[in-house]
Amino acid sequence: MPDIRKELLRIQELHAWYGESHVLHGLELSVAEGELVTLLGRNGAGRTTILKSIMGLVGKRTGSIVINGAETVTMPTHRIAHLGIGYCPEERGIFSSLSVEENLLLPPVVQEGGMTVEQLYALFPNLKERRSSIGTRLSGGEQQMLAIARILRTGARLLLLDEITEGLAPVIVQTLGRLIVTLKEHGFTIVLVEQNFHFAADLADRHYIVDHGAIAEMITREELPNQRERLNRMLGV
Amino acid sequence: MEISMMAILSQLMLGLNNGVFYALLSLGLAVIFGLLNIVNFAHGALYMLGAFAALLGYSELGPLLGKPDFHINYWAALILVPLLVGAVGILIEKTMLKRLYRFDHLYGLLLTFGISLILQGVFTNYFNVAGTPYDAKPPILEGVANLGFMMFPRYRLWAIAISLVVCFATWYVIERTKLGSYLRAGTENPELVKAFGINVPLMITLTYGYGVALAAFAGVVAAPIYSVSPVMGSEIIITVFAVVVIGGMGSIMGAIVTGLLLGMVEGVTKVVYPPASNTVIFFIMVIVLLIKPAGLFGREQQ
């Protein structure tokens, strides 16, 4: 299926640095429109750096990152989002100097077709109830909902989600799982960095295993049952 | 010792008058420090530049253009000078400060300190250090008003009122509007704000320009009260830094309230114990640093 769909993101020969340290080493991956892809790997393998590189948030990057047909490797960060990307960072990035509603309204609309504030409040009733609280006074789960909700407002069609289940209670993780399924059904393209393999396994079309700043392996949903043993070993689960 | 209520009230008013300048200047410093993480040592010099721009626009620009009757009057200066000096600020940010963000903020402080020495040096070379009076006070603001407990110069009342309006308007924009939410978010996590598609480098440039424009505005408002001198900035800036330390770096309301209060404290000290009036702010600064190092309104850094 994925091969006949339009390619939304293609990364080739990507190298990335933080100051002196060389983190990504010639990474290659591609994501088709409507696909849900996970980046799995041990801590420090470079998964978060891949998302940051896509957004231009690393010190230096070379190679090629084509989003929706546009080369972005030389583009300033603030223009990349306008290609239709929503970024949900590690540790959620909720602003403590902004109220819940201000957090929700902060990211500018980058494309038409985003959800309205009313629709988002209907989807996340807790956020509506606490709209005037300080953003960081919310519980971890609510903050995560807010971090996702605010990029759904912008009309972004490619979502980069970094460790969204980290530190959350199992019941919240289940809710997030249902949310991700809903988003996929609505045609969002999603790149998910995930530590919780069981969460990712049921959702994704394909898995990229990241090791030492490069893709070690790609496993499709169909191949997954036979590869589980080996995968567990690679991820050190 | 007998201290009359009248004397205290009048010194409170005069103190408030000094306090609005502390507030305007420390507000600019706080706005700049918040987003740029730079202690803008040039702030005093830019305040002085504002006062000089008003002075020269009134008395020198006409003759220079060959039209001796041409003056930029006070009202025009109140708008034009902040725009002009703000543009100078933007130029400073674009050509110099911008290169220093990657380094420790000590470098920004050194650069702006250098800029302030250059500005002060140039003006000292051409103008009287003792000060030149600015004669363009509008007639409507001449004379005194009866406040009931004292006769108070009309111009000073105006200076207090317009400065308060500008301070609180700035606070409102930063704390209550969408534009302000970009600014607050950018102060907290500029990288993420960029990733959302907001042009943070532009925001930083404009913020520096605005902070500088506030200093220039204070300079124009101050020009008819104090005489315009090349050292007027370096005289006030030390006190303003003490105000910023007491209020807490980066807090908008903290900068305003502390500036106003300390101006009044200084005023009252002039009645209660005059010899201490020049040092009382620094004495308070020492106590605040000992008890609450982040300042009265500041948040502890992690």
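## Helices α7 and α9 of chain B

B:Y182, B:L183 and B:G186 in α7(B) meet B:V200, B:M203 and B:T207 in α9(B). Contact here means C-beta atoms, placed from the backbone, within 7 Å. The residues of this contact split into 4 nonpolar, 2 polar and no charged. Nonpolar covers Ala, Val, Leu, Ile, Met, Phe, Trp, Tyr, Cys and Pro; charged covers Asp, Glu, Lys and Arg; the others, Gly among them, are polar.

Helix α7 (residues 178-188) packs on α9(B) at about 105 degrees, with the axes 11 Å apart. Axes are lines fitted to C-alpha atoms, for helices over the stretch in contact, and angles run from 0 to 180 degrees between N-to-C directions. α7(B) and α9(B) are therefore roughly perpendicular to each other. Angles under 35 degrees count as roughly parallel, over 145 as roughly antiparallel, 65 to 115 as roughly perpendicular, and the rest as oblique.

## Basis of the model

This is a predicted model: local features need pLDDT of at least 70, side-chain atom pairs count only at pLDDT 80 or more, and totals for chains, interfaces and linings use all residues. Residues are numbered from 1 along each chain as its sequence is written, while chains are lettered from A and ligands numbered from 1 in the order in which they are written. Helices (H or I, at least four residues) and strands (E, at least two) are DSSP runs, numbered from the N terminus.

## Helix α6 of chain B

Helix α6 (residues 154-176) of chain B has 23 residues. From first C-alpha to last, α6(B) reaches 32 Å, close to the 33 Å expected at 1.5 Å a residue. The expected span is 1.5 Å times one less than the number of residues. Buried residues in α6(B) include B:Y155, B:R156, B:A159 and B:I160. Buried means 20 or more other C-beta atoms within 10 Å of the residue's own, exposed 12 or fewer, partly exposed in between; C-beta atoms are placed from the backbone. The buried residues of α6(B) pack against α1, β2 (151-153), α7, α9 and α11 (252-272) of chain B.

The axes of α6(B) and α7(B) come within 5 Å and cross at roughly 75 degrees. This pair is therefore also roughly perpendicular. B:V173, B:I174, B:E175 and B:R176 of α6(B) make the contact with B:L179, B:G180, B:L183 and B:R184 of α7(B). By class, that gives 4 nonpolar, 1 polar and 3 charged residues.

## Helix α4 of chain B

Helix α4 (residues 74-95) of chain B has 22 residues and reaches 31 Å, close to the expected 32 Å. A kink of about 30 degrees lies at B:L80, shortly before the proline B:P82. The bend is the angle between axes fitted to the seven residues ending at a residue and the seven starting there.

B:P82 is buried, as are B:Y74, B:A77 and B:V81, among others in α4(B). Their cover includes α2 (43-59), α5 (105-126) and α9 (200-222) of chain B.

## Between the chains

19 residues of chain A are in contact with 16 residues of chain B. On the chain A side, α2 (77-80) and α3 (100-105) each supply at least two residues. That side divides into 12 nonpolar, 6 polar and 1 charged.

## Two loop residues with positive phi

A:N68 has phi near 55 degrees, a positive value in a residue other than glycine. A:N68 sits in the loop between β4 (60-67) and β5 (70-71) of chain A. A:N68 is partly exposed, with 16 other C-beta atoms within 10 Å.

B:N37 has a positive phi of about 60 degrees, although it is not a glycine. B:N37 lies in the loop between α1 (5-36) and α2 of chain B. With 16 C-beta neighbours inside 10 Å, B:N37 counts as partly exposed.

Conventions: Contact = placed C-beta atoms within 7 Å.
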